[in-house]
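Please look at the contacts first, then at one residue of the protein.

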Amino acid sequence: MSVRVRYAPSPTGSPHVGNLRTAIYDWLFARKEGGKFITRLEDTDRDPARYKPEYIQDIENSLHYLGITPDEWWVSGGPCAPYVQSERLELYQHAAEELIEKGLAYRCYCTEERLKEMRDRQQRQGLPTGYDRRCRYLSKEDHEKYHREGLSSVVRLAVPTEGQTTYHDLVYGDITFENKLIDDQVLLKSNGWPTYHLAVVVDDHHMGITHVIRGEDWMPSTPKQILLYNALGWETPLWVHVPLIVGNDKKKLSKRHGSTQFIEFIREGYLPEALFNFLVLLGWSAGEENVEILRKEEILQRFSLNGITNHPAVFDYDKLKWMNGEYIRSASTERLTELCIPYMAEARLISGLSPTQEERSFLQSIMPLLVERMKVLSEVASLADYFYKPPAEYDEKGGRKWLTGQSAREIVSTILAAITEHNREWTVQAAEEIVNNLAEAMGCSRGPIIHTIRISVTGRTVGPGLFDILAVIGREETMRRLNTALNGIQD
RNA sequence: GGCGCCAUCGUCUAGAGGUUAGGACAACGGGUUUUCAACCCGUAAGCCGGAGUUCAAUUCUCCGUGGCGCUACCA
């Protein structure tokens, strides 16, 4: 049977890097096995506080960005359409009815208050919490009576009260749970919508899912779903739980650790190949080879479920940054230029998202000077601004050191004079020549001259090679900026 | 509380019943450079604890400890 795996996000949040990592595993496994990668929207939670339709766009964008377009999903359809749970409600309701008829599920009329009271009491007494199954043993007459009275009800699974449920996990091995400890799970909510457990089982079955790949936090609910498969008389898929991604405090990754939503990383300027590479490596390793920088194709070649680790992985923002820097440095200037346009436009350094040809080629020409110290694309504007406009202010320490006092005044005016005298072509070599001659004439090393010019022209103490900068900025503008610096020198 | 999972440098990980326990990020030191970055070289840093099995265990088993997850009409 050919492999079918699914990524099943819920539009109750913008997709998390952890979710996307399992989506990547899904995609890799499907590609590796010549199977299908399916994506299904699990939108059965309609609480307006959580459900936000705009997250659907985030899901689509994230998948596209990573280049792992599903073979079947709500965007392009497929043989098992619809791929949105809210459009499949009858399926779940039928399944629930069928279970009630077979006596494997039952209507429960217990109120929210009673359930809460019960839980509180259990907690106080140090007992395991769970539904006490009162409605499971209601007489037929009572059921009919409540039904006539129009009491609102949910449908619960009648979980076996003895025995064990064991399953084989492809990552974790054999896992066993005592049935008597498993709650009579709600299958259908009182509004007629399914809970996750029912919907996921029904859909995975009807969509022919062969491997359920999901986060380790789902392990405790696996036996509940297996019991459901059994009750429905369906064959279970293979289970593949993958370790959690955690923050530096080892707790489930969340906002307080830093960015967690995939689209935040897109916005910050992480390249798709860096994100793909980094995420795959959080919980998977190529084994003995143990290499770090791997392109999608190289990963695909090596990928296997066997390489998935079974312990949580701390999300290391530093390492991601390093990796992104690696990919930035290996990207072509043309591509980088295109990718940086949005950030340049946002900083108003260029006219907009569709810059003129001149703007584009200028950006491209300075890109090589920027790329060495760029870790994320969003840094580009702050790295490049002095190529576009004079410094608004000088670095405080640098200004104090190089642009203060009588000697600074002398140095700047000497430099200015030398540049004024220069009347040949203005190039990187010419700039260097001027500085060399100046150093000789002044009987000092190039250092102080270079530092003084750098701070005057860029406002910074760090950056690309000075002569490259001067060549780009041009003779006139260099002189203008030196003049401004000269006039601003305090004693 | 109950149930489940997990445990190699700070972090991601490789590893085998006998290894100088390997690599990468980060850190630190040095080189290069006009600065920063990049690059090169180097340093430091680890098998949670206790029993058992074995000639030998960090590796296998058990117990402990610790961490995490789940325990909803959320997924």
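In this predicted model, the side chain of Lys189 places an N or O atom 2.7 Å from a phosphate oxygen of RNA strand B. That is a polar contact, meaning a pair of N or O atoms within 3.5 Å; within protein, one must be able to donate a hydrogen and the other to accept it, and residues adjacent in sequence count only if both atoms are side-chain atoms. The table lists such pairs.

| Residue | Protein atom | Atom of RNA strand B | Distance |
|---|---|---|---|
| Lys189 | side-chain N or O | phosphate oxygen | 2.7 Å |
| Gly283 | polar backbone atom | phosphate oxygen | 2.9 Å |
| Arg454 | side-chain N or O | base nitrogen | 3.1 Å |

Which element gives the largest share of the surface near RNA strand B? Helix α11 does, with five residues.

Now to Arg214. This residue is found in strand β8 (residues 211-215). Arg214 counts as buried because its relative accessibility is 4%, under the 20% limit (1.4 Å probe, protein chains only). Its side chain makes a polar contact of 3.2 Å with the side chain of Tyr196. Asp26 is 188 residues away in sequence, yet the two C-alpha atoms are 9.0 Å apart.

Residues are numbered from 1 along each chain as written, and chains are lettered from A in the order written. Local features need pLDDT of at least 70, side-chain atom pairs count only at pLDDT 80 or more, and totals for chains, interfaces and linings use all residues, while side-chain values use heavy atoms, without hydrogens and water.

Note on methods: Helix = DSSP H or I, 4+ residues; strand = E, 2+ residues; numbered from the N terminus. Buried < 20%, exposed > 50% of the residue type's maximum accessible area, 1.4 Å probe, protein only.
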